[in-house]
Amino acid sequence: MDTFLTNGRSVLLAYDQGLEHGPSMDFTDRNVDPSFIMETAVKGGFNGVILQKGLAERYYDGNVPLIVKLNGRSSLPKGEPLSRQVCSVEYAVSLGAKAVGYTIYLGSSFESEMFAEFGRIQEQAHERGLPAIAWVYPRGAAVQNDTSKEIVAYAARAALELGADAAKIKYTGDSQSFSWAVKSAGKMPVFMSGGPKAPDDATFLAHVAGAIKAGATGLAVGRNVWQNPDPLAMAKALRSLVIEATPQ
Amino acid sequence: MDTFLTNGRSVLLAYDQGLEHGPSMDFTDRNVDPSFIMETAVKGGFNGVILQKGLAERYYDGNVPLIVKLNGRSSLPKGEPLSRQVCSVEYAVSLGAKAVGYTIYLGSSFESEMFAEFGRIQEQAHERGLPAIAWVYPRGAAVQNDTSKEIVAYAARAALELGADAAKIKYTGDSQSFSWAVKSAGKMPVFMSGGPKAPDDATFLAHVAGAIKAGATGLAVGRNVWQNPDPLAMAKALRSLVIEATPQ
Amino acid sequence: MDTFLTNGRSVLLAYDQGLEHGPSMDFTDRNVDPSFIMETAVKGGFNGVILQKGLAERYYDGNVPLIVKLNGRSSLPKGEPLSRQVCSVEYAVSLGAKAVGYTIYLGSSFESEMFAEFGRIQEQAHERGLPAIAWVYPRGAAVQNDTSKEIVAYAARAALELGADAAKIKYTGDSQSFSWAVKSAGKMPVFMSGGPKAPDDATFLAHVAGAIKAGATGLAVGRNVWQNPDPLAMAKALRSLVIEATPQ
Amino acid sequence: MDTFLTNGRSVLLAYDQGLEHGPSMDFTDRNVDPSFIMETAVKGGFNGVILQKGLAERYYDGNVPLIVKLNGRSSLPKGEPLSRQVCSVEYAVSLGAKAVGYTIYLGSSFESEMFAEFGRIQEQAHERGLPAIAWVYPRGAAVQNDTSKEIVAYAARAALELGADAAKIKYTGDSQSFSWAVKSAGKMPVFMSGGPKAPDDATFLAHVAGAIKAGATGLAVGRNVWQNPDPLAMAKALRSLVIEATPQ
Amino acid sequence: MDTFLTNGRSVLLAYDQGLEHGPSMDFTDRNVDPSFIMETAVKGGFNGVILQKGLAERYYDGNVPLIVKLNGRSSLPKGEPLSRQVCSVEYAVSLGAKAVGYTIYLGSSFESEMFAEFGRIQEQAHERGLPAIAWVYPRGAAVQNDTSKEIVAYAARAALELGADAAKIKYTGDSQSFSWAVKSAGKMPVFMSGGPKAPDDATFLAHVAGAIKAGATGLAVGRNVWQNPDPLAMAKALRSLVIEATPQ
């Protein structure tokens, strides 16, 4: 994961929402354009950018380390969530990826299929010297509250046990409960998931500060940056908070 | 996709309806004959013809660039739509294909299976230097209106994210809403799906004009050409509108 | 398909009913014995014999061209029909097959699985220079009437589109409606399925005559031959009607 | 199958009940020990012993020809029966197997999966010169009476059609009806399944005699031997009846 | 299994609960840390430590023989239990594993899938000279009481039949009934599963003594060690009871 760290910390720019939520849910005329995001990634000094293969293939220019998401789904199908591999590790490497990402819906009735697929991907990635990052999102009829202390810690721990090189998990809402997730993750770096646009910047930055205080390595953020009227200002605030500040 | 472009635009002739809808739904004594369609493709100056492997194997004569559809289904089974691969990329190449096509039913409960299969096909096609074109049709119990601005844009974006070299999507009904789909598709060319025979030629041509005005690269049209009493006249009108006219 | 044609026509002897229907449904002490069928195939001058791998392995003697059925099912399971591959193309070749057969239940909720499997088989067969013949039987809850003009034509067309070298389909009941199926099949030869024993020979021969008049290449017949008190007489009548008569 | 025949007849000792039914259902302190069964197989002069891979690996000593069962299931799961491959042909050979066995639940809604798996196994076995024996047991909601004349004959015929080198099927209850199953099996040897312990030896031997009279090659027997107070006496009686007696 | 035995006996330290139950169910600030467990394993003189691949990759130091669990699931999904392979045998070996473990939920409606997967793993492990240990847990709607004499013996026997080199099974509650499971396991070593933390040490040690008296080779214990206020004292007690004591 060193490629993606500055002072042992990291702010990653996520931009797979076009597939996961659809353009009409999250995008404007400005941020619907992947070029705008690539530009933001570079100018904002992000430690990495996260793209599906299609965006990487057409827009990635090598100016910021690339993480290719290997699976994805639309938000349309009802029922238990399943996200299957749509890009091979080999193909991701050919696109310039320095790491691969994969989403596991912990608790889904299709959990076992994603566990097995991530298991193969993790090994293929390690054979090529790439980190395999797990997005672990508890979801499905069996999951009541996907940001409880217990379930977020479970997500972190599952990633550790399955051999992920880092986990992206939701924030619990406060630093103390999140620190249990970080502890459950052991030596594995934890990234806070940025999530939907917060009502205001201060709220979001307080969450980030809480995650960092709890021991998170950083965050993977999308909407709270590129839906921000001033993405670069937010990027600067995040860099300052995550990378430059002395952890409290 | 250059093989299929003239002045950066394209009119493709689609003829996979025999499998998708059955001959009794769409065909007459004249257009049930694939030779008639091949003749129309050449005389009509189409930029490409789209066939299932069986028709390509028996009727394709090399006089117009070939796109082989790699999956298909009949219209008979009830329940959530699933269309599986029936032709390998390698086999399509052996039949003379210069591109391959694949249908994804976005929102189907089998979406993940088609995502995964297209993911593999896209990589195999690119290994051989062939474009992989995605037909993205939102369908299934989760989809209320498959021509809304939002859902059509989602279809376009999904194709971009999954690495398609072009997408064939439905028309939204007006140019302005369709332009959001084109924008969501980024650098990826968008083809309007011709759809069922329009009540009259003027209506159809107005839709095409709307799509082109919105930024579409062209269209893939079947029934509105070969169900037309004068297919070559319609072909000429389309060429004129799509390729020769200055975009408005 | 030339191996199986005389004057461009063909009468094939089918004998896979032991698996499809069970011996108690269709067989007597005489025709339960595959040796009797092999003898009938040779003496009756059939253009080919259709067997499952097990019968081919134990009884086939090389005296008539062999078609090995690659999939099969029993009649016992309820629910939507699925017939999976039980013999590889390579194994069929090792048994002496000059063509392979595969049943597709068009309209079944498992249609996609059979489409995909036939897709692979068709390519493997063609690699070895063997025709792949599709039995296309519309069946399942979605199919109301499996001998309507529309559904039989759909079956024929699906076979053509999927790259079959010939299709075996049910007779519609009259020559005129069957001719639409033949037309829908284009250049692909169509074989009428013999079906269950007709009430009398004249009825059956009238059906065959109707199919031939409609343009069928021939028929694949089982029960109407080997359930006949005089199989060789029936064989002779069929040869006369299908192969020796001048098409009307 | 010659390895397993004496005078063209055969008595096989089956001992896979530990997996199929569990030890508490069928075993005592004596016969729970596989060493006891191996000893019985040798001393009893059986033509072969049938074991799962685990027993073969730990107990098989080479003193009697070995048949390794390649699939298995416990009796616990409810619903339609499915038994999947747990041992490869290659591995069975490495354990000393001279034949492989596989159970097909004819009529199960998973029938197609077992048909397909047996299809692959049969070919792999034949590549290595091994017979593939099919246990064909009609079972599942679609099967009313698994020992009727019709259903037992169907089981035998299915094995023949699928290329089995021998079939193990249930006894119908009388010799005349069982002879239809033997006839339906054609040239393929038929083994009567011993089934649960009969109320007394005479009843069981009468069934065996009936099967032999009907043309069976022999039987595969487990519980009626090793649940017998004197297994070797029963073995002797079976040898006498099956192998040494002149068929009536 | 010799690597894991002392005087033919064995006490293994299990630590896969982070994945199976989640950190909040079983862990404290102390034992959530895999380093603490590794230290306990070494200082406690355990014969082996059982880890998922992720923990092995980050924490294993080679000071105690390693068993890598090859499958796993979270406790969240409802419905019939299924645990799929998440680590290859080859990868486990690369992490230093001297044996591999796999959980089979006997009686689950997914039993057949786990049987088949374990079947492949067992062969791959043996090719590399590694033991394959089966955790056999009867579970699912079909299982009423997973610690009855009959069901525990079934679990042991299933492992033997499937070729496991050892089985980890639940304790029945008393030595006499557990001895039937040991007997059913034949020559295959049986490990008692430690299970949840017993109300007091004496109760747990009495269970262990009962298992050993019944003929168990040892136990695989987690929570009763690392949830104990003094894990090393418990380890010492177990070593004394299992390894150093003369079996009664």
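This is a predicted model: local features need pLDDT of at least 70, side-chain atom pairs count only at pLDDT 80 or more; totals for chains, interfaces and linings use all residues.
Residues are numbered from 1 along each chain as its sequence is written, chains are lettered from A and ligands numbered from 1 in the order in which they are written, and side-chain values use heavy atoms, with hydrogens and water left out.

**View 1. Strand β3 of chain C is covered on both faces.** β3(C) spans residues 66–69; helices (H or I, at least four residues) and strands (E, at least two) are DSSP runs, numbered from the N terminus. L66(C) and V68(C) lie on one side, I67(C) and K69(C) on the other, and all are buried. Here buried means under 20% relative accessible area, exposed over 50%, and partly exposed in between (1.4 Å probe, protein chains only). In a regular strand the side chains alternate between the two faces of the sheet.

**View 2. β3(C) pairs with β2(C) and with β6(C).** Pairing requires that DSSP finds at least two bridges between two strands. Strand β2(C), residues 48–52, runs parallel to β3(C) over four bridges, and I50(C) stands opposite I67(C). Strand β6(C), residues 97–104, also pairs with β3(C) in the parallel sense over four bridges.

**View 3. A right-handed β-α-β unit in chain C.** Follow the chain from β2(C) through helix α4(C), residues 53–59, to β3(C). Right-handed means that, with the strands pointing away from the viewer, the path from the first strand over the helix to the second runs clockwise.

**View 4. A salt bridge joins K170(A) and D146(A).** The N to O distance is 3.2 Å; a salt bridge is a side-chain nitrogen of Lys or Arg within 4 Å of a carboxyl oxygen of Asp or Glu. The pair links distant parts of the chain, 24 residues apart: K170(A) sits in the loop between β8 and α8, and D146(A) in the loop between β7 and α7. K170(A) is partly exposed at 26%, as is D146(A) at 22%.

**View 5. R239(B) and E244(B) meet in a salt bridge.** Their N to O distance is 3.9 Å. R239(B) is partly exposed, at 24%, whereas E244(B) is exposed, at 55%.
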